[in-house]
Amino acid sequence: MKHFILFITVVFVGLFIAVINKAPDENKPQESTPILRIFGYASFTGQWGPGPGLKEIFEKDCGCQVQYIEGSDSGVLLQRLKIEGESLGADLVVGLDQFDLQKALAEQKWRELNISGLDVYDEVKPALQNNYFVPFDWGVLAFVIRKNELTQIPHSLDDLLLPELKRKIVIEDPRTSSPGMQFLYWVIRTKGEDEGFKYIQKTMEQVHSYAPTWSAAYGLFTKKQAKTALSYVTSPLYHQIEEKNNDFIALEFTEGHPLQYEFMGIPEFCKNCELAEKFVNLILSDAGQKLIMQKNYMFPIIKNVKEGTPFADVPHFKTLNDFQIPSAQEVERFLKKWSEIRRGEGN
Amino acid sequence: MLVAFFESVKYVGHLLPISFLRVFLGYYYLQQALMKFKGDFLTRPRIADQIAEWLPASHAPNWYKLFMSSQIIPHWQSVAFIIVGLEFAIAISYIAGYVVRPVALLGVLLCFNMLFFSGPMSEDLYKTFLAIHFIMAWVGAGRCLGFDYYFFKRRRGIWW
């Protein structure tokens with residue numbers, strides 16, 4: 001025992017000394033080029049996302065360097081922002097969705113953005129209600145299937161309870177993923193809270209897994225672990241363009257589909273705030289919007305950007321009409337109830 | 001001591017395959033610890049992010065989640081230091097075969113916690129590591145090709 005205590009002490013003291021000696025390296029002199037730090041989710045900042053393209057365009061003229069700080073999914077951006085706060089060093093946050101806005105406003109201070117005069121699609125207008133966040137793309141959520149795999153095509157939320165789909169549906173976890181929260185709120189809005197949670201209880205039997213992120217969920221679906229996954233109406237287009245595969249279709253449900261908007265905002269503690277504003281303008285420019293549309297497979301908010309592209313031909317699904325943002329307390333209550341149901345299942 | 005180190009192969013040679021596994025695992029932990037030490041694991045709240053990201057989705061009991069959110073996340077710097085320290089301790093101990101039994105129990109404890117906040121992608125890895133640490137502690141894996149044999153020969157007892 002004496003040896004063990006001595007050993008552990010030596011290791012930790014050694015590490016402590018090493019950390020202290022390493023610390024001065026952290027205070028390296030700042031380079032003269034200003035650095036714009038953008039905090040976004042992985043599919044925005046990663047090599048397949050619009051991030052690298054936007055960075056390239058921006059760096060041509062700004063005389064600065066763009067650095068991305070990656071968060072795994074839009075659902076965890078706020079959590080990280082709350083934990084790290086100013087030490088995160090973000091000048092711009094990209095990828096918050098409508099469920100995050102109330103919480104974001106409550107937890108952080110944000111700079112006002114001048115977003116007047118934007119010529120946006122009608123579906124986007126309700127999302128321009130506050131001065132702190134501006135949407136940069138939007139999408140319609142829908143379940144995606146492979147053609148000819150199901151004998152009975154679901155046309156409503158209730159059809160997801162078909163025996164054929166038992167343990168064959170992948171939905172994102174609403175606690176960690178924005179589309180997962182969208183699904184939960186979709187059910188509550190269309191069925192009412194009590195009936196909605198009864199429905200959620202029934203879907204527990206049908207769900208293969210509640211994936212922590214959209215990419216994990218869609219990965220399970222494309223690897224044929226599941227027959228359908230909650231994704232976007234534009235997902236089949238991705239397979240058509242990138243893989244020349246026409247086997248995927250998005251299902252239209254009678255209830256009307258939820259809309260998801262992705263927002264960006266500049267935190268009050270930004271260091272290069274002007275550069276951040278310029279980057280916001282780039283994202284809202286035609287070039288920026290086109291890049292986001294092509295890389296994110298989401299609709300642009302600025303009118304006429306998608307016209308003449310395959311995105312214009314994506315079928316128009318009936319959507320939930322009014323734009324509602326639940327309060328942070330409501331979201332918390334829904335998630336608590338959802339978690340209770342999930343635990344009851346013991347999965 | 002050095003004689004005992006090699007002599008162990010002769011007397012507890014049946015543990016030799018386990019010793020290779022031990023050294024391999026030690027090397028893995030050394031890599032992990034060095035990566036964390038050289039990177040920003042100790043200076044940025046990576047561990048707090050990880051906990052915040054995965055803990056809600058884990059199957060951990062509620063009291064554990066509450067404890068992690070209220071106590072561990074705010075003190076992420078100490079937690080990061082402890083994790084790196086434990087990884088270095090496991091690495092050195094396993095490679096040298098010194099105080100393997102108690103250190104393996106620390107390994108069990110570390111893996112058990114990592115299971116809850118490392119996300120589904122690493123869950124299987126940590127489950128496997130947990131079993132390996134447990135076996136290391138059970139068989140006393142430091143007795144073969146390790147300095148534990150020297151102490152085991154002289155002192156016996158459960159710690160070697």
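**Helices, strands and the interface**

Analyst: Helix α5(B) has 21 residues, which at 1.5 Å a residue should span 30 Å, and its end C-alpha atoms are 30 Å apart, so the two values agree. The expected span is 1.5 Å times one less than the number of residues. Helices (H or I, at least four residues) and strands (E, at least two) are DSSP runs, numbered from the N terminus.

User: Where do these coordinates come from, and how is everything labelled?

Analyst: This is a predicted model, in which local features need pLDDT of at least 70, side-chain atom pairs count only at pLDDT 80 or more, and totals for chains, interfaces and linings use all residues. Residues are numbered from 1 along each chain as its sequence is written, while chains are lettered from A and ligands numbered from 1 in the order in which they are written.

User: What are the confidence scores?

Analyst: The model has ipTM 0.82 and pTM 0.68. For chain B the mean pLDDT (the predictor's confidence in each residue, from 0 to 100) is 85, and 100% of the residues reach 70 or more.

User: What follows α5(B)?

Analyst: The residue is B:G97, with a positive phi near 70 degrees.

User: How many helices and strands are in chain B?

Analyst: Chain B contains eight helices and zero strands. Of its 160 residues, 41% count as buried, meaning that 20 or more other C-beta atoms lie within 10 Å of a residue's own; 12 or fewer is exposed, anything in between is partly exposed, and C-beta atoms are placed from the backbone.

User: Is B:Q31 buried or exposed?

Analyst: B:Q31 counts as exposed because it has 12 C-beta neighbours inside 10 Å. The residue is found in helix α2 (residues 16–38) of chain B. B:Q31 and B:E87 are 56 residues apart in sequence, with 9.2 Å between their C-alpha atoms.

User: Now the interface: how many residues are in contact?

Analyst: 20 residues of chain A are in contact with 22 residues of chain B, a contact being two C-beta atoms, placed from the backbone, within 7 Å. On the chain A side, α1 (2–22) and α4 (74–84) each supply at least two residues. The most come from α1(A), with eight residues.

User: Over to chain A. Which residues of α8 are buried?

Analyst: In helix α8 (residues 214–222) of chain A, the buried residues are A:W214, A:A216, A:A217, A:Y218 and A:F221. Their cover includes β4 (133–146), β5 (169–172), α6 (178–191), β6 (207–211) and β7 (228–232) of chain A. Just after α8(A), A:K224 takes a positive phi of about 65 degrees.

User: What does β5(A) pair with?

Analyst: β5(A) pairs with β6(A) in the parallel sense over four bridges, and two bridges join β5(A) to β7(A), also parallel. Strands pair if DSSP finds at least two bridges between them. A:I171 has A:Y210 of β6(A) as bridge partner, and A:V170 has A:A229 of β7(A).

User: Which way do the residues of β5(A) point?

Analyst: A:I169 and A:I171 point one way, A:V170 and A:E172 point the other way, and all are buried.
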